[in-house]
Amino acid sequence: MSGDDELSSAIELIGVARQAYAGDKTALGVLEALEQRLTDPLRLAIAGIVKAGKSTLLNGILGEQIAPTDAGECTKVVTWYRYSQTPSITVHPSGRPAQRLPIRRTKGALVIDLGEMSADDVERIDVWWPAPALKSLILIDTPGIASISQDISARSLSFLTPEDAPSEADAIVYLLRHLHPSDLGFLAAFRDTAVGASQSVNAVAVLSRADEIGSGRIDSLLSASKVALRYERDGELASLALGVIPVAGLLAEGARTLRETEFNALRELANLDRQTRERLLVSADRFVRPVEGLQLGERERKELLARFGLFGVRLAASLIRAGASDSTQLAAQLVQQSGLIQLEDFVELHFRSRGATLKIRGVIDRLERLVELRPRRGTQPITEGIERIRAQAHGLRELTLLSSVRVAGLGLPADESKVAVRIAGGEGLDAAARLGLSAETSTEELRDEALAEIDRWRSRAQSPVLDRRAVDACRVVIRSLEEVASGLGPARAGEDLADVVAAGTPGEGTG
Ligand SMILES: Nc1nc2c(ncn2[C@@H]2O[C@H](COP(=O)(O)OP(=O)(O)OP(=O)(O)O)[C@@H](O)[C@H]2O)c(=O)[nH]1
Ligand SMILES: [Mg+2]
């Protein structure tokens with residue numbers, strides 16, 4: 001089954017469930033939401049402790065200052081950002097009808113004003129916005145967890161890691177500053193929301209506010225990369241997140257929303273004589289102090305500091321001195337340095353390209369829970385449908401393989417396990433990544449390698465020393481290779497690849 005076929009069979013299954021639950025309003029409501037989830041773009045939640053920089057990072061991804069940062073009631077509410085050509089904001093108070101909010105901006109940033117309502121009375125806020133990034137992702141900003149206020153913390157927890165139920169988010173970007181037990185606790189709870197997963201396949205950690213790690217020194221991001229690498233190798237985090245990426249969110253947000261006036265101010269700073277400039281940039285305090293005879297006023301400097309941080313201001317000045325000659329160039333170089341591109345590439349590679357599978361996994365886990373919680377006659381076809389999808393949707397079987405490898409192992413020797421993970425898409429879903437070849441490899445070579453690997457794994461699967469688990473892993477690998485091979489099109493003239501692939505997978509029974 002291809003990703004699209006898998007999606008259609010999941011949607012069909014929702015139809016089956018609708019019939020089984022005819023007349024049950026609550027269940028039908030859940031089913032409607034599940035169908036919506038299947039047709040929506042991937043839902044990516046941004047989570048982390050209080051003031052980790054979640055909303056700032058979200059703005060960086062969107063390239064607009066839409067998510068409120070710092071103070072205000074609305075930072076305590078789960079907020080969904082979805083695509084729409086015309087912007088609008090809807091607030092959903094608990095137990096009352098939804099309400100539209102006016103769209104207001106202050107200093108370029110969107111203001112979400114709850115008016116008389118307190119965050120406690122609000123279930124969620126929906127922001128519909130014409131940002132291109134939202135066409136392929138729904139972003140969900142969540143209140144800081146492990147916060148002083150247990151209430152706010154509880155809201156994020158119950159949304160992202162509902163007790164005993166699958167999460168509403170398909171994947172998560174988790175921001176941490178110093179690895180804390182509560183970070184690990186949260187990530188473990190998130191992993192456990194997926195049925196049977198012993199390894200998170202849909203979480204990535206971000207070492208956030210990376211510019212502050214080296215106290216804003218110009219090599220701060222280098223220090224941050226070292227720390228991130230250490231965390232990534234940390235035994236516990238390894239099974240809870242697919243990677244750790246250092247990101248300076250404030251820099252990313254500032255760069256993607258860089259204004260011409262700001263560029264001019266930064267250029268003025270860059271062009272100061274060396275001594276004056278260096279003295280100004282010694283510390284944040286120094287930077288905003290009154291200075292005799294300086295064109296760049298105190299207020300302007302304060303604003304630059306708020307928008308880019310001391311690190312960002314220092315970096316911008318040196319980039320301009322090194323040749324960044326207009327705001328477009330400077331913005332591109334700052335974004336590159338911020339780590340945002342690496343994060344976006346990671347999300348694309350590990351989450352978006354697997355979007356259909358992640359959504360289906362969340363939806364059928366939830367459907368299974370519904371049947372458990374609301375048993376009634378006639379739900380047998382739902383249970384059977386769930387089993388069928390779990391057995392047949394190859395994307396799900398790959399996810400299961402990836403999610404069990406680090407913790408339980410595949411029952412294969414370490415070097416083979418590594419290859420199996422790669423072929424199952426652990427390093428990317430395109431043919432070259434799966435085969436461990438460079439992106440420039442010709443289709444012919446890719447095909448030859450895929451066919452050779454199929455032979456290798458087929459004979460491997462027949463080895464009498466392998467246990468059941470290992471044979472299952474081999475089958476998943478063979479199937480992935482078959483899909484790679486058929487995706488590469490027919491082989492040389494006269495040779496029909498379908499024949500090679502159809503030669504079958506040993507040990508693959510009828511069921
Ligand atoms: N230096 C620096 N400051 C940052 C960075 N990201 C965010 N901040 C600052 O940290 C403060 C909190 O940022 P937010 O984006 O509101 O953090 P949050 O995690 O959304 O906070 P809550 O929603 O209240 O939990 C703001 O003052 C930001 O300007 C960063 O990468 N570098
Ligand atoms: Mg926030």
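Leaving aside its neighbours within four places in sequence, which residues is Ala270 in contact with? Select Ala270 together with Ala317, Ile320 and Arg321, its contacts of that kind; contact means that C-beta atoms, placed from the backbone, lie within 7 Å.

This is a predicted model, in which local features need pLDDT of at least 70, side-chain atom pairs count only at pLDDT 80 or more, and totals for chains, interfaces and linings use all residues. Residues are numbered from 1 along each chain as its sequence is written, while chains are lettered from A and ligands numbered from 1 in the order in which they are written.

Ala270 belongs to helix 9 (residues 260-270); helices are DSSP runs of H or I, at least four residues, numbered from the N terminus. Ala270 counts as partly exposed because it has 18 C-beta neighbours inside 10 Å (20 or more would be buried, 12 or fewer exposed).

Next, select ligand 1. Its shell holds 19 residues, the closest being Gly53, Thr56, Thr69, Gly144 and Leu250; a residue is included if its C-beta atom, placed from the backbone, lies within 6 Å. Helix 3 (54-62) gives the largest share, three residues.

Finally, select helix 17 (residues 394-405) and helix 21 (residues 468-487), which pack at about 130° with axes 10 Å apart. On helix 17, the contact uses His394, Arg397, Glu398 and Leu401; on helix 21, Ala473, Val476, Arg479, Ser480 and Glu483.

Technical notes
Axes are lines fitted to C-alpha atoms, for helices over the stretch in contact, and angles run from 0 to 180 degrees between N-to-C directions. Helices (H or I, at least four residues) and strands (E, at least two) are DSSP runs, numbered from the N terminus. Two residues are in contact if their C-beta atoms, placed from the backbone, lie within 7 Å.
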